[in-house]
2 protein chains.
Amino acid sequence: MGSVAPTEAEVRVLDAAEELFYARGLQAVGMDAIRGASGVSLKRLYQLFPSKDVLVEAYLRRRDERWRAALASHAEALPAGRERVLAVFDWLERWFAEDGFRGCAFVNSFGELGGVSPAVAEAARAHKDAFRRYLGGLVTEAGAPAPLGGQIALLAEGAIVTAAVSGDPGAARTAREAASVLLAPYFACEPR
Amino acid sequence: MGSVAPTEAEVRVLDAAEELFYARGLQAVGMDAIRGASGVSLKRLYQLFPSKDVLVEAYLRRRDERWRAALASHAEALPAGRERVLAVFDWLERWFAEDGFRGCAFVNSFGELGGVSPAVAEAARAHKDAFRRYLGGLVTEAGAPAPLGGQIALLAEGAIVTAAVSGDPGAARTAREAASVLLAPYFACEPR
DNA sequence: CCACGTGGAGAACGAACGTTCTCCACCGTG
DNA sequence: CACGGTGGAGAACGTTCGTTCTCCACGTGG
């Protein structure tokens with residue numbers, strides 16, 4: 001599964017692609033815009049990514065890895081348990097408040113091309129699956145029953161889409177409170 | 001706010017637009033495809049909807065009205081109260097299991113064009129707002145505190161996006177169970 | 001100096017698409 | 001029959017975009 005070390009031009013292209021695709025959508029961004037934003041010539045761009053589809057898939061792959069790594073690194077600053085589960089929602093809230101937040105890149109891509117591109121649909125499915133499994137792990141390692149992971153994942157998904165469409169980062173806090181209630185029976189006597 | 005009675009051609013165009021836009025996305029469907037599916041000539045199509053943007057907005061407007069009316073008509077078959085709130089998730093489950101279900105048309109449209117078309121972003125915002133307010137009404141008329149409406153709305157949103165991306169209608173049941181737990185404290189002694 | 005490969009800038013090409021225009025068949029009225 | 005208006009089929013137009021091609025400047029090895 002190893003990618004070789006990416007060249008600097010590759011990084012610049014992927015950075016530009018991520019910024020533009022996420023902000024404006026996949027189809028609204030042309031290869032020319034990516035060339036302009038990355039400063040990489042069209043010829044080199046097509047050497048690195050032989051078609052736009054390939055670039056879109058690379059964008060989604062890198063975004064998936066980075067997003068989940070950032071979440072994990074935030075959650076794992078806390079000891080396993082209830083607090084670590086709830087920390088997910090704190091991380092979401094910070095994300096929602098970032099400039100240019102526009103929801104989940106995978107949900108957006110799925111909405112745009114999921115009906116027409118199996119590769120995009122599959123990337124979204126895999127990302128959401130990994131997220132759900134990760135959350136499930138947090139929940140069971142906290143000592144709560146596994147099915148609760150699915151419920152808490154639903155709250156997180158709902159918060160992401162609601163924060164995106166309504167523009168209100170507070171959805172994260174609402175979700176956190178609901179998750180806290182769902183978790184409560186398994187941590188009966190601990191405070192907060 | 002009255003629209004005049006729609007002509008038969010208008011209905012045929014909107015039916016075709018809804019089917020195609022929902023299944024494939026907004027930008028992936030050309031005016032020619034809508035003309036073909038509706039059997040209405042291009043000239044007439046442009047008389048009825050002077051541009052694709054206008055047609056997209058009409059599609060979203062009609063879909064919003066119909067979707068919320070269908071939900072309301074299902075929920076209101078039950079008496080106000082806890083059951084009526086939970087009935088929302090039963091209705092969602094049936095929707096998820098329909099052929100061609102591909103998530104929320106507004107979330108999909110927002111993902112595709114929300115970053116680039118204020119009209120689409122606003123349509124999605126308004127739809128989600130109305131849904132949240134409706135659910136809030138169900139919750140408070142059941143005697144539960146209003147903030148619970150927001151939590152339950154998050155579960156519903158999460159179920160919709162999860163069912164769409166993963167293809168599993170069971171997300172509705174997971175959400176229903178979580179909602180039932182959140183509701184429980186306010187209906188302490190009733191069964192099921 | 002020359003041959004040569006590399007890479008950049010941007011023109012060019014072909015397809016798709018939104019929108020408009022042309023042409024014609026059809027229909028009701030004098 | 002002449003005539004005008006309506007609407008359909010689909011060609012045409014202009015633009016955008018993914019992709020490829022042309023041209024040239026530059027640096028390297030003989």
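The legends below describe close-up views of a predicted model.

**Figure 1. Overall build of chain A.**
Chain A contains nine helices and zero strands. Read along the sequence, the pattern of chain A is therefore α-α-α-α-α-α-α-α-α. Along the principal axes, the C-alpha atoms of chain A fill a box of roughly 65 × 35 × 30 Å. Of the 192 residues in chain A, 51% are buried. Among the contacts in chain A between residues at least 6 apart in sequence, 67% join residues at least 24 apart.

**Figure 2**
Two copies of a chain are related by a rotation about an axis and a shift along it. Here, a rotation of 180° with 0.0 Å of shift along its axis superposes chain A on chain B, with an RMSD of 0.0 Å. This is the relation of a two-fold axis. Within chain A, the C-alpha nearest the axis belongs to Gly158(A) and lies 1.9 Å from it. The same surface serves both copies, since 100% of the contact residues of chain A recur in chain B.

**Figure 2. The surroundings of DNA strand C.**
Both protein chains supply residues around DNA strand C: Arg35(A), Ser41(A), Lys43(A) and Arg44(A) from chain A, and Val29(B), Gly30(B), Met31(B), Leu42(B), Lys43(B), Tyr46(B), Ser51(B) and Lys52(B) from chain B. By class, this surface has four nonpolar, three polar and five charged residues. Of the atoms of DNA strand C within 4 Å of the protein, 52% belong to sugar or phosphate, and the rest belong to bases.

**Figure 3**
An N or O atom in the side chain of Lys43(A) is 2.7 Å from a base oxygen of DNA strand C. The elements that give two or more residues to the surface near DNA strand C are helix H3 (42-48) of chain A together with helix H3 (42-48) of chain B. The largest share, three residues, comes from H3(B).

**Figure 4. The surroundings of DNA strand D.**
Around DNA strand D, chain A supplies Val29(A), Gly30(A), Met31(A), Leu42(A), Lys43(A), Tyr46(A), Ser51(A) and Lys52(A), while chain B supplies Arg35(B), Ser41(B), Lys43(B) and Arg44(B). This surface has four nonpolar, three polar and five charged residues. Sugar or phosphate accounts for 54% of the atoms of DNA strand D within 4 Å of the protein, and bases account for the rest.

**Figure 5. Polar contacts with DNA strand D.**
A polar backbone atom of Met31(A) is 2.7 Å from a phosphate oxygen of DNA strand D. H3(A) gives the most, with three residues.

**Figure 6. Helix H8 of chain B.**
Helix H8 of chain B covers residues 147-166. At 1.5 Å a residue, its 20 residues should span 28 Å, and the end C-alpha atoms are 29 Å apart, which agrees. H8(B) is mostly covered, as 17 of its 20 residues are buried. Just after H8(B), Gly167(B) takes a positive phi of about 80°.

**Figure 7. Ser117(B) in a loop between two helices.**
Ser117(B) is placed in the loop between helix H6 (105-113) and helix H7 (118-141) of chain B. The relative accessible area of Ser117(B) is 19%, and buried means under 20%, so Ser117(B) counts as buried. A polar atom of the Ser117(B) side chain lies 3.1 Å from the backbone nitrogen of Val120(B).

**Figure 8. Ala121(A) and its contacts.**
Ala121(A) is found in helix H7 (residues 118-141) of chain A. With a relative accessible area of 17%, Ala121(A) is buried. Leaving aside its neighbours within four places in sequence, Ala121(A) is in contact with Phe110(A) and Gly114(A). Ala121(A) and Ala156(A) are 35 residues apart in sequence, and their C-alpha atoms are 20 Å apart in space.

Terms used:
Residues numbered from 1 in each chain as written. Chains lettered and ligands numbered in written order. Predicted model: local features only at pLDDT ≥ 70, side-chain atom pairs only at ≥ 80, totals over all residues. Heavy atoms only, no water. Helix = DSSP H or I, 4+ residues; strand = E, 2+ residues; numbered from the N terminus. Expected span 1.5 Å × (residues − 1). Buried < 20%, exposed > 50% of the residue type's maximum accessible area, 1.4 Å probe, protein only. Near = heavy atom within 4 Å. Polar contact = N/O pair within 3.5 Å; in protein donor to acceptor, adjacent residues only side chain to side chain. Nonpolar A, V, L, I, M, F, W, Y, C, P; charged D, E, K, R; others polar. Least-squares fit on C-alpha atoms with pLDDT ≥ 70 in both. Contact = heavy atoms within 4.5 Å.
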